[in-house]
Amino acid sequence: MLGWLTVACWTRKLPEPEFDKSKNATKAVSGSQRALWRDSVFIKACKCQPVSYTPVWLMRQAGRFMPEYRHIRAKVGFLELCKSPDLAAEVTVMAQEKLGVDAAIIFADILLPLEAMGVGLEYAKGDGPVIFNPVHLPADVARLAHVEIEDSLGFVLKAITIARSQLNARIPLIGFAGAPFTLASYLIEGGSARHFDKTKSLMYTNPECWHALMERLVDVTTRYLNAQIAAGVQAIQLFDSWVGCLAQEDYKEFVLPYTKQVITTLNQGVPVIHFGTPTAHLLELMRQAGGDVIGLDWRCNLDEAWRRVGYDVAVQGNLDPVVLLAEPAVIKKQAARVLQQAQGRPGHIFNLGHGVLPNTPFDHVRFLVESVHELGGQSSDA
Ligand code: 1CP
């Protein structure tokens, strides 16, 4: 362990590692009943409680960088995979086990509830998602279908139940949804965007339509997330992936009240991670909107960002995903820098500043997880 980490480990008083690696491969027979995840390093870190080592998981930890995932995808389309609970659960559990990460995230996508709203969704090869009937006018908002979660998104809930039963009982399962702004951006742009010009134009020129759309998205998202909690997830991540394109005042007026409403309407007691990019200018406002954990992208310094949001909230992040394309020595050095910025304070969850890139070598990802465990205080016999 690095010297500065030893000094900074005053918070890590627990003598016993909460997670025994040797048990990782053994699937829990009665995981949900035993609920060992309650004492996991991940859940404790979400609550800013001291832990014996820094937990790590990675956004997009199940994805194209993983050979087993590519193998499955060679036979099954992406939407079909999301809608096959057994396969989605398999991918979820496989990623956690192969990487040795401290949390699993259910395999799904933030755009699934939009498809349920009847706008038509396709993941075109190489071009990203396409929404066939984008929202531009109040009439488009009025046309959005009411979503009965069980009927339209029951496959995600089923995947959660299966994944929970197959995961090691010590490993928490994270559920997720897109935050209202990021979902609205896909609905309005009709897919991925660069400048979010259509989204912002609607916001500025037709605020009533904007507010009506956000209200619809808050309603679907809160019911969807509460259903995920009921189905068995232990934490929630709210992805506001593209919210950093907004100025502070616009975030305050057009986004904050809605994100806050989602977070406050979620069943209490389940930690919420509130993530966005590139959000250095929005961190205090995101904190106001809520979340037990603020997700940081790689463009900000973790130490400064944490000071700004306050040490009574946990932080997650924030290694640049591109670092994983570099050689192992660089990966380790950069991981050490992130850990050094966290100073061993209670409430740091190690992650990337955004998702794992598809062209990342699997071995590098695995090496990162091992390095974080080693540098972040996991004893070698654990
Ligand atoms: O196999 C493939 O080619 C599909 C690639 C892929 C994958 C693996 C997509 C398409 N989605 C996913 C899974 C996914 N998406 C997960 C699974 C769990 C895990 O992390 O392991 C999660 C959490 C998401 C969330 C998601 N989807 C976000 C938020 C996270 C982020 O990256 O900011 C977003 C923006 C999406 C939209 C999306 N899904 C897929 C694509 C190509 C896109 C568009 C991205 C863009 O607009 O740039």
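Asp 140 counts as buried, at 11% relative accessibility. That is the place to begin in this predicted model. The cut-off for buried is under 20% relative accessible area, so Asp 140 qualifies.

Asp 140 has a charged partner. Its side chain meets that of Arg 143 in a salt bridge, 2.5 Å from N to O. Arg 143 is exposed, with a relative accessible area of 62%. The value is over 50%, which means that Arg 143 counts as exposed. Both residues lie in helix α8, which covers residues 138–143. They sit three residues apart, about one turn of the helix.

Now turn to a pair from separate helices. Arg 308 and Glu 284 join their side chains in a salt bridge, at 2.8 Å from N to O. This pair links distant parts of the chain, 24 residues apart. Arg 308 belongs to helix α16 (residues 302–309). Glu 284 belongs to helix α15 (residues 283–289). Arg 308 is partly exposed, at 29% relative accessibility. Glu 284 is partly exposed too, at 35%.

Another bridge pairs Lys 98 with Glu 68. Their side chains meet at 3.3 Å, N to O. Lys 98 has a relative accessible area of 38%, so it counts as partly exposed. Glu 68 is also partly exposed, with 26%.

How many salt bridges does a search of the whole structure find? It finds ten. Among them are Arg 143 with Asp 140, Arg 308 with Glu 284, and Lys 98 with Glu 68.

Methods:
Residues numbered from 1 in each chain as written. Predicted model: local features only at pLDDT ≥ 70, side-chain atom pairs only at ≥ 80, totals over all residues. Heavy atoms only, no water. Salt bridge = Lys/Arg side-chain N within 4 Å of Asp/Glu carboxyl O. Buried < 20%, exposed > 50% of the residue type's maximum accessible area, 1.4 Å probe, protein only. Helix = DSSP H or I, 4+ residues; strand = E, 2+ residues; numbered from the N terminus.
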